[in-house]
Amino acid sequence: MRRIILGCVILVSMTWAKSVPVANDALYQKECASCHFGYQPALLNASGWQKVMGNLQDHFGTDASLSQKEHDAILTYVTQNAGNSKLTQGNTTMRISQSPYFIKEHRRIPERLIDQPEVKSLSQCAACHTKAEQGDYSERNIVIPNYGRWE
Amino acid sequence: MKKIFLTLSCSAVVLLAQEFNAPMQAYMNELAKEAKTQNASFERFDAKRGERIFTSKHVGKKGQEMACTSCHTVNLKQSGSNLNTNKTIAPLAPSANKARLTDVAEVQKWLRRNFNDVYHREGSALEKGDVLTYLINQ
């Protein structure tokens with residue numbers, strides 16, 4: 001019973017804090033986060049990850065191909081830790097930024113703050129979410145370059 | 001005069017000291033063999049040709065003109081930045097980053113990916129050998 005209560009408390013606080021578990025897999029960090037922000041697996045659902053991993057030769061316009069062994073290990077990691085919440089619900093694509101919840105949360109940000117060189121696109125989580133690396137996307141930790149806090 | 005001579009010979013030794021480790025040298029030998037098979041007049045890899053491969057612009061995988069230097073910059077002793085994501089790239093020059101060009105699997109992976117990104121095709125054995133010869137001396 002205690003465990004269940006503890007589980008509920010953690011779950012509720014995570015939802016409130018807008019947090020996801022840290023991407024702590026060493027191979028994932030080395031192979032994926034060497035080129036871009038290390039998106040936490042929970043930001044995309046399992047079918048999205050399968051799409052991503054199914055075409056690394058053309059990974060959003062770039063060749064990110066891996067050896068079969070590395071590919072299989074990372075596919076297992078991301079699908080086993082894939083998202084299954086309102087964050088990823090209804091997202092039928094392989095883009096985190098196409099999730100309905102993601103779109104809703106970012107809808108009020110002016111284009112000029114997204115297009116600027118310091119940000120480039122909504123794919124650069126860590127450009128504004130100062131604790132994105134730790135899986136913390138809460139509003140109190142947002143600082144948009146050339147704008148400031150977003151609260 | 002003696003001093004100058006000594007300094008010069010010391011720096012020559014330092015320059016010559018930039019060589020591949022054993023597994024990388026074995027890979028270079030493989031590339032040389034392949035280059036010779038593809039073109040009988042092949043003699044040796046050339047850093048100057050490698051530099052041109054590295055710095056010249058080509059229509060890449062994304063349909064835009066780019067060069068290796070678009071991300072790695074022209075100063076390989078300094079950090080670069082991923083053109084698409086702004087992510088910092090550690091220096092490519094072995095003189096500034098000892099881990100570079102030491103792991104054959106890593107080298108093969110990045111040559112495959114980056115030739116595709118910049119040239120929109122795989123690199124030939126000659127091109128790979130030339131560019132690695134250029135890079136090892138950085």
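Me: Is Phe45(B) buried or exposed?
Reply: In this predicted model, Phe45(B) is buried, because its relative accessible area is 14%, and buried means under 20%.

Me: What about Phe42(B), buried or exposed?
Reply: Phe42(B) is also buried, with a relative accessible area of 11%.

Me: What kind of aromatic pair do Phe42(B) and Phe45(B) form?
Reply: Phe42(B) and Phe45(B) form a tilted pair, with 5.0 Å from centre to centre and 55 degrees between the planes.

Me: How many aromatic pairs are there over all chains?
Reply: Over all chains, the structure holds six aromatic pairs. Among them is the pair of Phe115(B) and Tyr119(B), which is tilted as well, with 5.2 Å between the centres and 45 degrees between the planes.

Me: And where do Phe115(B) and Tyr119(B) sit in chain B?
Reply: Both belong to helix α5 of chain B, which covers residues 104–119. Because they are four residues apart in that helix, about one helical turn separates them. Phe115(B) and Tyr119(B) are both buried.

Me: Changing topic: how many residues does each chain bring to the contact?
Reply: Chain A contributes 20 residues and chain B contributes 15 residues.

Me: What area is buried between chain A and chain B?
Reply: The buried area is about 1400 Å², and carbon and sulfur atoms give 34% of that area. On the side of chain A, Cys35(A), Asp63(A) and Lys120(A) supply 35% of the area buried against chain B, more than any other three residues.

Me: Why give an area for an interface?
Reply: The size of an interface is often expressed as the accessible area that is lost when the parts come together.

Me: How many salt bridges are found across the interface?
Reply: Three salt bridges are found between chain A and chain B. One salt bridge joins Lys30(A) to Glu106(B), whose closest N and O atoms are 2.7 Å apart.

Me: Which classes of residue does chain A put against chain B?
Reply: The side of chain A that touches chain B has seven nonpolar, seven polar and six charged residues. Across this interface, 14 residue pairs are in polar contact.

Me: Last topic: what helices and strands does chain A have?
Reply: Chain A has six helices and two strands. Read from the N terminus, the order is α-α-α-α-α-α-β-β.

Me: How much of chain A is buried?
Reply: Buried residues account for 40% of the 151 residues in chain A.

Me: And what share of its contacts join residues at least 24 apart?
Reply: In chain A, the share is 57% among contacts between residues at least 6 apart in sequence.

Methods:
Residues are numbered from 1 along each chain as its sequence is written. Chains are lettered from A and ligands numbered from 1 in the order in which they are written. This is a predicted model: local features need pLDDT of at least 70, side-chain atom pairs count only at pLDDT 80 or more; totals for chains, interfaces and linings use all residues. Side-chain values use heavy atoms; hydrogens and water are left out. Contact means heavy atoms within 4.5 Å. Buried area is the accessible area (1.4 Å probe) that two parts lose on being put together, summed over both. A salt bridge is a side-chain nitrogen of Lys or Arg within 4 Å of a carboxyl oxygen of Asp or Glu. A polar contact is a pair of N or O atoms within 3.5 Å; within protein, one must be able to donate a hydrogen and the other to accept it, and residues adjacent in sequence count only if both atoms are side-chain atoms. Ala, Val, Leu, Ile, Met, Phe, Trp, Tyr, Cys and Pro count as nonpolar, Asp, Glu, Lys and Arg as charged, and the others, Gly among them, as polar. Rings of Phe, Tyr and Trp (its six-membered ring) pair if their centres lie within 6.5 Å; planes under 30 degrees apart count as stacked, over 60 as edge-to-face and the rest as tilted. Buried means under 20% relative accessible area, exposed over 50%, partly exposed in between (1.4 Å probe, protein chains only).
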